Amino acid sequence: MRNDAGRNLRKTDPCDRSLCLPYQLLSSTNLPHSKMALWSVVCDMPPELFNDYSEEFPRNLRCFLGDWLEKYPWEFITGSDSFSAYMADSLLSAMMEKLQELANKNCQPSLILQLTANLENAYRRDPLQLARTVKQILDAERVVVQNKYQCLPLSFHRQQEELKFGFDLNKLQYKLQEIRALYGNLEDASRVSLQINPVDSQFSTQGDLQANSLQTLHTLFSEVAKELETAKTRLLKRLDIWKRQQQLAGNGTPFDEDLAPLQKRFESLVDVCFKLRQQVVALAAQLGADLQACLQERLENVFKSLVKSAFLVDKQPPQVLKTQTKFQATIRFLLGSQLFKAPQTSFSVLANIVTEKQARELAAGHPDASLSESTGEIMNNVAPLETSATSNACCAVFKNMLLKKIKRSDRKSTESVTEEKCAVLFSVKINLGSNNTFLLQALSLPIVVIVHGNQDNNAKATILWDNAFAAKDRIPFVITERVPWGNMCETLNQKFMAEVQTTKGLLKEHYFFLAQKIFNDNNASYEDFQSRCVTWSQFNKEILPNRGFTFWQWFEGILDFTKKYLKDYWSDRLILGFVSKQYVSSCLSNALPGTFLLRFSDSLIGGISVAYVVRLPNGSCQVENIQPFTATDLAVRSLADSVQDLPELQILFPNRLKREAFQNYFNEELPRKINKEYIQTKIKRTIGTLPLVPESGWPSPGNTSPLGPVDSYFLPAESVMDIGLSDIHGDMDFPMQLDPSASENLHGPSLDELEQLIQQQQQPLFHSPRNPGPTLTNLC
């Protein structure tokens, strides 16, 4: 975007997309364009879809204002009371200023100035009508977007929630001003009444006015207290949403962890609470003892709730925690910078490990019972609660905690140690003066403690399930045993994208194969699976049929394998991935010989196999499956180079030439230092072929082999020896003709020597009855 874009607004077409861009620069918010609520979508839609404009508020005015219009609480101005009128008048003035600003930046400002004058004439006497008009326009735009996309962006809902809170806060502050004004009127009336003779008729009138003012005052106080309680409830709900998003972030869901906006909300409500409490004390005589006591109790409850809720875990400890391993965590007190007066009294936060049972006692309102018995020992478990001068955040940072030991609790006979959940309890006692002491406690997300690395995989499964499917306001740490398969798909997709660090998620065919695997059902349709529920046992307790691992162990192995070796290939959609052999056969059934695709192995943990079309001697074609490449294989030679090595692979399904598809991933062999005493070697992958046929012959296609049918798949790989030389002119292709002067001293291996070399591979005769195995040719 150019810096002078604001000076290039065209008078003829204010709805042009380019005219919307300067308004983002002039916006009072710092949201990037991708997070704008609706205008970035609306201005690209056909104008005829929107018919809610009027002569006073035409479409070109809407286009000039752009996304600015959506950043103010028009839809919440629904009444005709004094506050609504005040807000409408303020927004009208803000709109005038905005249009004047646009006119100053426009080389031809006459159109904008004319629109500004028309707006002023039409709505200055009745700004509430302007609020109704704008609300109608924005509502209509929302409906059109909703109808087209069946949803509204998440950023829109968040912005609406922020606007609502700001509107409610403005209303509270407005009513506080009304209380102060009414209190001033009461004082004036009291002074006047002292100057009037009691027998004078004005005395009775003045008394009636005072009584009405007192009643109004009582009503105002009650309304403000109720609205403050409502605002507090909404704020705590927003905090719960933040905590839930923090938990989902443990599974890879994107998360805006910035607590600064929530801190401002907490501070704003506490400020209102303090001011209202001061008013209650100042007007004690006018309120009466009963009303004063009631108001003070309600305000005290609001304050205590805000203080206790403001203490939370900002940076969670690792949810899979190994003993004797250092870890970190950060605690934040959102009201610390406001309540802790300088010089700040030092408060220390304490961290303790607690069991699920102790966490339940804590949730039930027994804060001391949670530490009645020792569960484990955390070293370096004390940190000071301090306020940063730069960020204004009050935090306790634990940098070097270490779980020295853990005491296991009693478990069900069917549960393993990796299903046992605990948590870290952070607590601190603070004193806010006048014997106002608070015990603040915050519980971390559930943690699974392990003592050995081989427990890591199953512990991750426990945490993934808990993070994804924890119910709101649950008893710690109760979790459902079954969830809809669709929810499971969302969780697996988010975890895959986060772990692999890719924007390319799973597709419909991937979910179908995963469902077939976890339910062990190859006959159901995709739609059938969508109505099913998957259990925890199916996810990570039951061993898959004919395998030695669970569904999660297999899936997590692919995550790790893809993250380390296949990330870029997956992101470029070079890998088909989670599909069955049957699906692959259907894809390749009519493909040309040499067509191939890549899929994750369903028989190995962390493997990728190549399926390709080969032409048989009789002219027919069939699909072959190469033995899967594992991490060990790809650590020696990359996937792209392995594919490049195999001349049998020519076309990546459906129709991309191999060289074109993988050209960005081929590794050029770096020149090595020449040593004339040795012949240099190269590594190349080849597909195995049959060794010499024994006298008895191979089994015929119809014969039964103990390893299964062998007619449709290549037999195992064998080593092939090629010789390549390098000289000062660089590497040469191989095999190559040796220098004649040296050839007399070099002889190719005899048949016996070749058989001996094959035996030295120390590989069984068959890698797999159906998987031809690629080998590395070591050129010596």
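Tutor: Gladly; we will take the labels one at a time.
This is a predicted model, in which local features need pLDDT of at least 70, side-chain atom pairs count only at pLDDT 80 or more, and totals for chains, interfaces and linings use all residues. Residues are numbered from 1 along each chain as its sequence is written, and side-chain values use heavy atoms, with hydrogens and water left out.

Student: How many helices and strands does the protein chain have, and what makes a run count as one or the other?
Tutor: The protein chain has 25 helices and 22 strands. Both are DSSP runs numbered from the N terminus: helices are H or I with at least four residues, strands are E with at least two.

Student: Why is Leu 566 called buried?
Tutor: Buried means under 20% relative accessible area, exposed means over 50%, and partly exposed lies in between (1.4 Å probe, protein chains only). Leu 566 has 0% relative accessibility, so it counts as buried. Leu 566 belongs to helix α19 (residues 551–571).

Student: What does Leu 566 touch, leaving out residues up to four places away in sequence?
Tutor: A contact means heavy atoms within 4.5 Å. On that basis, the partners of Leu 566 are Phe 561, Ile 575, Phe 600, Ile 608, Leu 634 and Leu 639. Leu 639 is 73 residues away along the chain, yet the two C-alpha atoms are separated by 7.9 Å.

Student: Leu 169 has 12% relative accessibility; why is it given the label it has?
Tutor: Leu 169 counts as buried because its 12% is set against the cut-off for that label. Leu 169 sits in helix α7 (residues 154–194) and touches Ser 268, Leu 269 and Val 272, not counting residues up to four places away in sequence.

Student: And which label does Cys 533 get?
Tutor: Cys 533 has 34% relative accessibility, so it is partly exposed, whereas Cys 273, at 0%, is buried.

Student: How many disulfides does the structure hold?
Tutor: It holds 0. To count, a pair of cysteine sulfur atoms must lie within 2.5 Å.

Student: What makes a group of residues a nonpolar core?
Tutor: The members are buried Ala, Val, Leu, Ile, Met, Phe, Trp, Tyr and Cys residues joined through side-chain atoms within 4.5 Å. The largest such core has 70 residues, and Phe 333 and Phe 426 have the most contacts inside it. Helix α8 (residues 201–249) gives the largest share of this core, 11 residues. Apart from this core lies another, of 62 residues, including Leu 464 and Phe 549.

Student: How do you know that the buried residues of α20 are on the same side?
Tutor: In helix α20 (residues 581–588), the buried residues are Val 584, Cys 587 and Leu 588. They cover an arc of only 85° around the axis, so they are on the same side of α20. The arc is taken over the directions from the helix axis to the C-beta atoms. Their cover includes β13 (595–600), β14 (607–615) and β15 (621–625).

Student: Why is strand β4 described as largely enclosed?
Tutor: Strand β4 (residues 347–355) has 7 of its 9 residues buried, so the rest of the structure largely encloses it.

Student: How do you know that β4 pairs with β6 and β8?
Tutor: Two strands pair if DSSP finds at least two bridges between them. There are 4 bridges between β4 and β6 (residues 382–387), running antiparallel, and 6 between β4 and β8 (residues 422–431), also antiparallel. Phe 347 stands opposite Leu 385 in β6, and Asn 352 opposite Leu 425 in β8.
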